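Subject: Structure for your files

Dear colleague,

Here is the structure you will be working with. My notes on it follow below.

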Amino acid sequence: MRHFGDICNLTRFEMIGLLRLTRFLQRDREVRGQNHPILQGKHLAMVFMKPSLRTRVSFETGMLQLGGHASYLSPTEVGLGDRETAPDVARVLSGYADGIMARVFDHRHILDLMEHAQVPVINGLSMATHPCQALADMYTLAQEFGSHWASPNWPGLQGLKIVYVGDGDSNVCHSLLEAGQLLDLELRIVAPEAYQPQADFLDRIDAEVQVTADLEGVAEADVVYTDVFVSMGQEADRSRRLQDLAAYQVDAQLLQRTRNPKAIVMHCLPAHRGEEISDEVMDGPHSRVFPQAHNRLHTQKALLAHLLGGEPLPTP
């Protein structure tokens, strides 16, 4: 791995290796009270074109816990694609930093950064994909449903039924499908026809994904996953989107449709409570929303340790 641009660029070996390295680093900190300073003297430049709570704090904390340092670069400081081109930003930051993390609107900027940077580039989010979130999601599922971490077949999630409800043509859903395909999950999208993944995307990831507009599609789900109905950049269509997706709110009634009392609920955050998810569900016993958010720190530390520090990916 030279960069972390999209889940679809990973092999199954790399995905499982990153999850195993995540577990190693988490246990290392739990046992020793601190991590080995794998990234001592290393610097991560963080380019933000979109605001974030989890992405900024988890990457800054991850670098700190591994002995390194991170710098936050705001939209006004960089102006990626406007004030400066992505190739120029990549060339400049390659001379200052040991790695670049970028959170952008246009996915083309991620591709340009990876093409022209001389240091590793991490996709912190684009309008097309959110691979850091998907990696944390898979680790969350491994904690909840996986075999024992020392087992040769860990995470052992084959056949787990994950159902994404709501806007199925989103960056989070795209990366979730890519990650699920690598780990042999049973994938299903429950969304209105206008909000289902594009056929060319489903063809590209070469995964068997069931797609339906029928809410009964959540039946037998082990995991119900949702995200905001109105993402940043879609505010002009807010009223229409909320009306179109209102029936797909993850609430107690929808959870009953799963007919699975052990089903869990996931959400990448931030949540618009009362829109895509009810308070009762988000704060209830089925929710794994906040452990899922906390896992962003652990999985991103594995990315940083491997890409910036050369830490090898563990094998079974």
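**Salt bridges within helices**

Asp-244 and Arg-240 are separated by about one helical turn, because they are four residues apart in helix α9 (residues 238-245). The two form a salt bridge, with their closest N and O atoms 3.5 Å apart. Asp-244 is partly exposed at a relative accessible area of 34%, and Arg-240 is partly exposed too, at 41%. Please keep in mind that this is a predicted model, which applies to everything below.

Helix α2 (residues 54-65) holds another pair, Glu-60 and Arg-56, four residues apart, or about one turn of the helix. Their side chains meet in a salt bridge of 3.1 Å, N to O. Glu-60 has a relative accessible area of 28% and is partly exposed; Arg-56 counts as partly exposed at 31%.

**Other salt bridges**

A search of the whole structure turns up 19 salt bridges. One of them joins Asp-184 to Arg-12, with the closest N and O atoms 3.3 Å apart. This pair links distant parts of the chain, 172 residues apart: Asp-184 sits in the loop between α7 and β6, and Arg-12 in helix α1 (residues 12-32). Buried would mean under 20% and exposed over 50%, so both values fall in between.

There is also a network of salt bridges, which links Glu-216, Glu-220, Arg-257 and Arg-259.

**Strand β6 and its neighbours**

The loop that carries Asp-184 lies between α7 and β6. Strand β6 covers residues 186-190, and four of its five residues are buried. Which strands does β6 pair with? Strand β5 (residues 161-165) runs parallel to β6 and is joined to it by five bridges. Strand β7 (residues 209-212) also runs parallel to β6, with four bridges between them.

**A nonpolar surface patch**

Phe-105, Met-127 and Met-232 form a nonpolar patch on the surface, and together they have about 230 Å² of accessible area. Met-127 is placed in the loop between β4 (121-125) and α6 (131-145). Its relative accessible area is 35%, which makes Met-127 partly exposed. A residue needs over 30% to be included in such a patch, so Met-127 passes that cut-off with its 35%.

**Overall**

The protein contains 12 helices and nine strands. Along its principal axes, the C-alpha trace spans about 55 × 45 × 35 Å. Why can the protein be called a compact globule? With 316 residues, a compact globule would have a radius of gyration near 20 Å, and the protein has 19 Å, so the two agree. Of its 316 residues, 58% count as buried.

Best regards

Key:
Residues are numbered from 1 along each chain as its sequence is written. This is a predicted model: local features need pLDDT of at least 70, side-chain atom pairs count only at pLDDT 80 or more; totals for chains, interfaces and linings use all residues. Side-chain values use heavy atoms; hydrogens and water are left out. Buried means under 20% relative accessible area, exposed over 50%, partly exposed in between (1.4 Å probe, protein chains only). Helices (H or I, at least four residues) and strands (E, at least two) are DSSP runs, numbered from the N terminus. Two strands pair if DSSP finds at least two bridges between them. Patches are made of residues with over 30% relative accessible area and no salt bridge: like charges are joined within 9 Å, nonpolar side chains (Val, Leu, Ile, Met, Phe, Trp, Tyr) within 5 Å. Accessible areas come from the Shrake-Rupley method with a 1.4 Å probe; for residues, only the protein chains shown count as cover. A salt bridge is a side-chain nitrogen of Lys or Arg within 4 Å of a carboxyl oxygen of Asp or Glu. The radius of gyration is taken over C-alpha atoms; the globule rule is 2.2 Å times the number of residues to the power 0.38.
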